[in-house]
Amino acid sequence: MLVLFAALLIWSALSLLKVFPESVFPSPLAVAKGFVEEASNGRLVDDLVASLFRVTTGFALSVFSGVPVGLWLGRHARARAAFLPAINFFRNLSPLAWIPFAILWFGIGDLPTIFLIFMAAFFPIVIATIAAVANIPSVYFRVAHDYGFSNNEILTRVTLPAIAPQVITALRVTAGLAWLVVVAAEMIAGRAGLGFAVWDARNGLRMDLLVCGMIVIGVIGVVIDRVLLQLTKISSVRWGYER
Amino acid sequence: MKDKALFVEDASLSFDAIAVFQHLSLEIFRSEFVAVVGPSGCGKTTLLNLFSRFIRPSQGKIGCDGRVRMVYQHDSLFPWQTVAENIALGLRQLKDQAERRRQLDDLLRLINLEKFCDHYPHQLSGGMRQRVELARALAGDTDILLLDEPFSSLDYLTRLRMRNELARMLAQRPRTVVLVTHDIEEAAQLADRIVVLSARPARICCELKMDLPRPRELTHPQVVDTTHRILAELGLEHEESLAIPVV
């Protein structure tokens, strides 16, 4: 809190001393006014909803496809050897490189952005799940065998709880990544959303609105991480962070 | 003739070119406590894996009469489950919820961890975790316990306490036990019969009988004498030292 206050003070001082011209360095007051303007005309909420919808859809698609793929590859060494090079290739490819194709294939709007978020989040989730599965101590499977677990029980009562802490950490990292990508993707392939708002402000030379957009993006990023952090507090996954 | 609970008969086992056992035969009788000691890497754990049918011998026969449970060398409690949930795994075959709850409470009392039933394994000390592992293995209608160096990760004093704990638990819930250990004192303090294995390919060097009731004092002359004999069999002490009178 103190750091935040100090940052605000420095920002005010820099703007009062006119270190940079006001047209390129808006004051906190101008940004606050911009915030009220954006909030009252409803644009901020619309942009926020558009971005959150895209990031939630793209991220959910990545999780619900990436975790099962990771589980399967984690348990099948030959399939893993076959697919891992391709997964690593795509993981290292910046999702922004897909923007031209995203626009050509899906046009402008929600779909290309969701596609880009999926491309950003899917591969890291697969890799993290594979690593988590490979790290499960084999003794847990022996115990499951000793106590007569069915295949289904081995999945739901051994594999999934055993990988949960590592996967949750991966989800926090990839959710941050997805949020970065949504903003970048909307700047080019969007007609609404916080990224589009920032880009629009830049085009209209409204630096106050641009900073306002930046602050909202940062705050939402922190909020998303805080929400996912709650998953680490579930009693049956705390062992992964406490021991 | 006593009832056989477990046996290997003329069993041989090789991993690639390495022969672990050649023509090994061993019988374990019902309610007997057998400790298997031997040099590191001689195949002690592999012998337990044969008994639990986790691996099959290249040739020979394995027999087992009863429900087998194994306690492993390293933490094998599910860390995402509480103490009570882990122990309840051993009671899975019980359909009656009330009966399961009653038996679970009995087991928690047996290991003196009633107050820790909702704790997770990482919140317990090493000795407590091992007690939970034993309770899980003792739960239900287990006949045979295979213990694979269950106390090896504990400090010396906790290990001494755990030996008495195990003796106490077995007095209340008698089982056929095969204990694999590198701790010779542990074998002498707990077992009715100690099987000393040679280096690979393992053969039985000797079998020592103990008829002292459990729990046994570590310094009891018979325990000390047996410890000497095992060490001599393993070539770690000279036979003459056996002649030194125990004061």
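How many residues of domain 1 of chain B are in contact with domain 2 of chain B, and how many of domain 2 take part?

Analyst: This is a predicted model, in which local features need pLDDT of at least 70, side-chain atom pairs count only at pLDDT 80 or more, and totals for chains, interfaces and linings use all residues. Residues are numbered from 1 along each chain as its sequence is written, while chains are lettered from A and ligands numbered from 1 in the order in which they are written.

In chain B, 13 residues of domain 1 are in contact with 9 residues of domain 2. Helix H5 (residues 156–172) of chain B gives the largest share of the domain 1 side, 7 residues. By class, that side has 7 nonpolar, 3 polar and 3 charged residues. Contact here means C-beta atoms, placed from the backbone, within 7 Å. Helices (H or I, at least four residues) and strands (E, at least two) are DSSP runs, numbered from the N terminus. Ala, Val, Leu, Ile, Met, Phe, Trp, Tyr, Cys and Pro count as nonpolar; Asp, Glu, Lys and Arg count as charged; the others, Gly among them, count as polar.

Where do the two domains of chain B run? Domain 1 covers 4–66 + 143–243, and domain 2 covers 77–141. These bounds come from an automatic or database domain assignment. Taken over C-alpha atoms, the centres of domain 1 and domain 2 of chain B are 26 Å apart.

Next, the meeting of the two chains. Chain A puts 13 residues in contact with 14 residues of chain B. On the chain A side, helix H7 (138–146) and helix H11 (239–242) are the elements that give two or more residues. H7(A) supplies the largest share, 5 residues. The chain A side divides into 7 nonpolar, 2 polar and 4 charged residues.

H7(A) also packs inside its own chain. Its partner is helix H8 (residues 151–189) of chain A, at an angle of about 160 degrees and with the axes 11 Å apart. Axes are lines fitted to C-alpha atoms, for helices over the stretch in contact, and angles run from 0 to 180 degrees between N-to-C directions. H7(A) and H8(A) are therefore roughly antiparallel. For such labels, angles under 35 degrees count as roughly parallel, over 145 as roughly antiparallel, 65 to 115 as roughly perpendicular and the rest as oblique. H7(A) and H8(A) make a right-handed crossing. A crossing is right-handed if the near helix is turned clockwise from the far one by less than a right angle, and left-handed if anticlockwise. Tyr140(A), Phe141(A) and Ala144(A) of H7(A) meet Ile154(A), Val158(A) and Ala162(A) of H8(A). That contact has 6 nonpolar, no polar and no charged residues.

Another helix pair in chain A is H5 (residues 99–106) with H6 (residues 110–134), at about 140 degrees and with axes 9 Å apart. H5(A) and H6(A) are therefore oblique to each other. Their crossing is right-handed. H5(A) brings Ile99(A), Ala102(A), Ile103(A) and Phe106(A), and H6(A) brings Leu111(A), Pro112(A), Phe115(A) and Leu116(A). The class count is 8 nonpolar, no polar and no charged.

As a whole, chain A has 11 helices and 0 strands. Its C-alpha trace spans about 70 × 45 × 30 Å along the principal axes.

Note on methods: Two residues are in contact if their C-beta atoms, placed from the backbone, lie within 7 Å.
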